[in-house]
Amino acid sequence: MSEATATKYVGQPLRRREDFKFVTGKGRYTDDIKSPGMLHMAVLRSPHAHAVIRQVDLSAAQASPGVRLALSGADLAGKIGAIVPNWIIPGTKVPDRPVVAIDRVRFVGECVALVVAETQAMAHDAVELIDVNYEILPAVIDEEAAIRDGAPQLHDNVPNNITTVYKIGGGDYGKVAQEADQVITLRVTNNRLIPTCMETRSILAEPDVNGTLTLYLQSQVPHMHRRWIADTVGISEHQLRIVAPDIGGGFGAKMHLYPEELLCPYLARFLGVPVKWWESRSESHQSTNHGRAHTETLEIAFRNDGKILGLKVETLGNVGAYLSNMASGGPTVNTINFGTGAYKIEHYTARSRVVVTNTVPVDAYRGYGRPEGAYIAERAIDAVARHLDLDQVEVRRRNFIQPADFPYRPYNGPATIYDSGNYEGCLVKAMEAINYDARSNERDQLRAKGRYRGIGVAAYTHMCGMAPSRRLSLLGFNRGGWESARVSVDSGGRVVIFSGSMSQGHGHVTSLAQIAADVLQVPIENIDVVQGDTRQVQAGHGTFNSRSMAVGGSSVHVSSTRVVAKARKIAAGMLEVDEADISYQGGQFTVPGTDIPPLTFGAVARMAYVGHKLPDGMEPGLDETVFYDPKGMGAPSGIHMAYVDVDPETGIVEILDYVAVDDAGTIINPLLAAGQIHGGVVQGIAQALYEEVSYDPDTGQLMTGSLLDYAVPRAEHVPSIRSLFQETPSPTNPIGVKGIGESGSIAAPPCMVHAVLDALSPFGIKHLDMPMTPPRVWLAIQTARTGASR
Amino acid sequence: MIDADQKRHVVTITVNGVRHTASVEARQLLVHLLREDLGLTGTHVGCDTSQCGACTVDIDGQAVKSCTVLAVMADGASITTIEGLAPAGGALHPVQAAFHEHHALQCGFCTPGMIMAARQLLAQNPDPTESEIRHHLAGNICRCTGYTNIVRAVQSLASEAHRHE
């Protein structure tokens, strides 16, 4: 086995080591796994947004061919615990949420009853035969309507449908609003989205005779799922093995506790046989958490030179019928803490109210709160530029946080701190890449010919990898901020990394190995990565919040460093020299200036295990486990620019160019990092132009119930994304990385809105809500034209 | 509702060069025959309205969404799935290799269908433009890559004339 390497892996665009199985059809997703004798669960879902359950008649279903069991919510009462959130902002009123509805349903898609049968088809056939007698109640689906007097009330313990009120700010907004040259207000919405992982959720629960249980589950957070399921089903964590195989996308949707994740383990233990559940796409639209769904009111106080003095924000976050896992934290801490964006707005007052409605629960979706926060800051600064008729780039420059300001606490607030950045650097790079001046000229010239083109700009910053652990308790976030990594070297020098992070397509098998290979100085081919099996991986928090490189990668770096430190001590003993005289380079321990033959990493690893010549007091083995708790959080930042053409006759927006310049600190693998930007940007473009969950406002019926009605973009709807990086290392971790996964979906929505508004500026249109669909754009143009001709 | 016709049907299909005979329900979809009966789990199910294309396979030379085909309709057909593109232990098919080289996959779930659809495009039109590639792949949804690197991978297989446009 080759041991020496001089290559530096970090920073290289290595092709992914995990690709081979996926391109040959050998990926192993949850629904690909079968267990002998397994039965299939199907769930009956509520067809009503709000109703009292009068009676559930299971008799026909029980008599249906192949059915082993049919249960209602009442049958399960007291047998499985309730679903409780994992993030509870202090003061939050938490609604009761049974796993299966017992006497009332609160959204279309809520579990009402279930069937277990020999085949999936038999289970679905039987579910159709369940007869439920409902008394329909008035429903409310909109967050503004839900807090009005007389609105239908969802939960007895949640008066006015408000679970949480959260406030943040600093300075004296009232004072600067008096002193400002101008104050304007703006109401913006953040459209409700469906995350749409290409692999829907599925679960296989396998009971073992010794009372333990194995659960195959697509989880972004296997160890967190283990804890939540163990607590709710009544089993200890070590009796529950979560295996997260290959995962077909997560985007936040696969990091929460869902009813089916409790039902399958319960039923498998109750029946003593494996139980599987698979979610159809249409089922997914009404049972897997949605994202965004905010309404914000902004009040902006500014000087006539474009300097923003103060900002006031009122957020209403629609969280659906119950408080899902992190739902009280998203519209609050994750949103309004970041409402001042990349700008020095020293006087800030913000309030967020979390509102329940008769809709699918809303929880994390790529960026969770940070896209909504960036949208506040960006729409505010764009409104100022448009109001004053100032250049959109120049206004941003006048308000940017400057490099000398870091570490920067926005509005001198208590919770938010931006560690580093250089926004001007990203801006210049983006302007050059998109050819800002030439495109501006082109836009102006085409306007004279009746063509409407626009350039959009958006800046962002936020924080990734929530930590340290002790700070999270203040926010009511009931988990730690650390990540665990075990770097295990075998007695021949081959390495396995056991990481608590969990790839859902990110490419950790490549990127984490790059980090370790540089520290261990062994070829990357000698390093394997294991994730997603709680029996193999010691502990972890998983992958969300753009934390896998910043926290997971740092934990691999620290444990690899400890391995080398121990190996160096062993080598010193073997060579009978002082440790300080040892040099480790290219996988070889040498004593410079002597003719002592070098020792290979593999030879030292063998000695670590045979233990014949270890320093006094040293334990054998070359195997280090860390629980790395960061001292702070990295703040990615960036500038995105788009160039669009709007057809005034059809309202169709065509994207001619899109440039992303992102500063995520040190880039481990530019190929994979750019891939994260491409995908995130297109999800952001999707929010801006195409996607919106639609409910009938009276009945609460989900109108976008399948991929026929919900407009996920195809290849022909989007351009090629150009991704560039600036690397300002984060001082908060040993490898200088920040976070990359969420940046695209944070920056793209405001960037696209600003591009379209720039194109439509000749019509005097100053605001459009997302998604900017052709009818909406067309109507805005027609309205403006009618007004102008009046 | 329960299918009134419980009669099973015998179908014979050739998949990746191997002849199979299976007894299926009238309502069984081809994708389920491939996945459940033949164990070819590389073909995925990503939706229930024939939108996503994750189940795309080659039936008698045509890329087809196997969720829109009843197993009985495929009787006598010759089918190639993602597992049949590269011989065991052999080199990757050029489309597979291009997807790897250009980082055209992340989670991998849409990848088999996307590769089958791209393979069909290149068979019909060895020299597609970017616009033709994007239009042709409109029946396949990818949620991870933003399509940028998928298009790049397919373009790398187009003739020199359109590769760098």
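**Figure 1. Overall fold of chain A.** Chain A contains 21 helices and 26 strands, where helices (H or I, at least four residues) and strands (E, at least two) are DSSP runs numbered from the N terminus. The radius of gyration of chain A, taken over C-alpha atoms, is 28 Å, close to the 28 Å that the globule rule gives for 790 residues, so chain A is as compact as a globular protein of that length; the rule is 2.2 Å times the number of residues to the power 0.38. The C-alpha trace of chain A spans about 95 × 70 × 50 Å along its principal axes. This is a predicted model, in which local features need pLDDT of at least 70 and side-chain atom pairs count only at pLDDT 80 or more, while totals for chains, interfaces and linings use all residues. Residues are numbered from 1 along each chain as its sequence is written, and chains are lettered from A and ligands numbered from 1 in the order in which they are written. The model scores ipTM 0.97 and pTM 0.97.

Figure 2. Buried residues make up 59% of the 790 residues in chain A; a residue is buried if 20 or more other C-beta atoms, placed from the backbone, lie within 10 Å of its own, exposed if 12 or fewer, and partly exposed in between. A nonpolar core is a set of buried Ala, Val, Leu, Ile, Met, Phe, Trp, Tyr and Cys residues joined through C-beta atoms within 7 Å. The largest such core has 301 residues, of which A:Met41, A:Leu114, A:Val115, A:Ile497, A:Ala516 and A:Val756 touch the most other members. Helix α17 (residues 548–575) of chain A provides the largest share of this core, 12 residues. Leaving out residues up to four places away in sequence, A:Val115 touches A:Ala42, A:Ala61, A:Val67, A:Ala70, A:Ala123, A:Ala126 and A:Val127, a contact being a pair of residues whose C-beta atoms, placed from the backbone, lie within 7 Å. Among contacts in chain A between residues at least 6 apart in sequence, 80% join residues at least 24 apart.

**Figure 3. The contact between chain A and chain B.** This contact takes 44 residues from chain A and 44 residues from chain B. On the side of chain A that touches chain B, α1 (19–23), α9 (281–285) and α19 (670–689) of chain A each supply at least two residues, and α19(A) gives the most, with 7 residues. The residues of that side of chain A divide into 16 nonpolar, 16 polar and 12 charged; here Ala, Val, Leu, Ile, Met, Phe, Trp, Tyr, Cys and Pro count as nonpolar, Asp, Glu, Lys and Arg as charged, and the others, Gly among them, as polar.

**Figure 4. Two domains of chain B.** The domain assignment of chain B gives domain 1 (8–84) and domain 2 (94–163), with bounds that come from an automatic or database domain assignment. The C-alpha centres of these two domains of chain B lie 22 Å apart, and their contact takes 14 residues from domain 1 and 11 residues from domain 2. Strand β3 (residues 56–59) of chain B contributes 3 residues, the largest share of the side of domain 1 that touches domain 2. That side of domain 1 of chain B divides into 6 nonpolar, 7 polar and 1 charged.

**Figure 5. The loop between α12 and α13 of chain A.** A:Pro407 is placed in the loop between α12 (392–399) and α13 (423–434) of chain A, and the peptide bond from A:Phe406 to A:Pro407 is cis, with omega near -5°. A:Asn412, also placed in the loop between α12 and α13, has phi near 50°, a positive value in a residue other than glycine, and counts as partly exposed, with 13 C-beta neighbours inside 10 Å. A:Phe400 is placed in the loop between α12 and α13 and is buried, with 22 other C-beta atoms within 10 Å. Leaving aside neighbours within four places in sequence, A:Phe400 is in contact with A:Ala342, A:Tyr343, A:Tyr423 and A:Glu424. A:Phe400 and A:Tyr411 are 11 residues apart in sequence and 13 Å apart in space, C-alpha to C-alpha.

Key:
Two residues are in contact if their C-beta atoms, placed from the backbone, lie within 7 Å.
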